[in-house]
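Student: I am new to this structure and should like to be guided through it. May we look at it together?

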Amino acid sequence: MNGRKTPTVAYITRLIKTTGKPDLLRILHESPLKTQDINLILDYADGSSYKELAAKYNKSTQRINQWKRNAYEQLHFYLVKKL
């Protein structure tokens, strides 16, 4: 990847930054995401760096980036389908 965000990632990033915590939690818990995916998104939204997440989840920073991207794509698919 060239470092730019895909439209999906940009959309979910904007959603996370602009949605209040209670509404974000509701959206995440209604989605088909696994608990660990939700925890990753919430940790990232709370300001954890890739390095901190890699240590917490015992994965490489590249794997954290891919995992986050996959979770964002699943969440985007759910939200688009829901509309």
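Student: Which residues of helix 5 are buried?

Tutor: This is a predicted model, and a residue counts as buried when its relative accessible area is under 20%. The cover over the buried residues of helix 5 includes helix 1, helix 2, helix 3 and helix 4. The buried residues of helix 5 are Ile-64, Trp-67, Lys-68, Arg-69, Ala-71, Tyr-72, Leu-75, Tyr-78 and Leu-79.

Student: How far apart are the end C-alpha atoms of helix 5?

Tutor: Helix 5 runs over residues 61-82 and has 22 residues. At 1.5 Å a residue, helix 5 should therefore span 32 Å. The model agrees with this, for the end C-alpha atoms are 31 Å apart.

Student: At what angle do the axes of helix 3 and helix 4 cross?

Tutor: Two packed helices are described by the angle between their axes and by the distance between them. Helix 3 (residues 35-45) and helix 4 (residues 50-57) have axes that come within 10 Å. Helix 3 passes helix 4 in a right-handed crossing. The angle is roughly 150 degrees.

Student: Is Asp-43 buried or exposed?

Tutor: Asp-43 lies in helix 3 and touches Ser-48, Leu-53, Lys-56 and Tyr-57, leaving aside residues up to four places away in sequence. Its relative accessibility is 15%, and the cut-off for burial is under 20%. Asp-43 therefore counts as buried.

Student: Which element of the chain has the highest mean pLDDT?

Tutor: The mean pLDDT of the chain is 92, and 95% of its residues reach 70 or more. Among the elements, helix 1 has the lowest mean, 91. The highest mean, 97, belongs to helix 4.

Key:
Residues numbered from 1 in each chain as written. Predicted model: local features only at pLDDT ≥ 70, side-chain atom pairs only at ≥ 80, totals over all residues. Heavy atoms only, no water. Axes fitted to C-alpha atoms, helices over the stretch in contact; angles between N-to-C directions. Helix = DSSP H or I, 4+ residues; strand = E, 2+ residues; numbered from the N terminus. Left-handed = near helix turned anticlockwise from the far one by under 90°. pLDDT = per-residue confidence, 0-100. Buried < 20%, exposed > 50% of the residue type's maximum accessible area, 1.4 Å probe, protein only. Contact = heavy atoms within 4.5 Å. Expected span 1.5 Å × (residues − 1).
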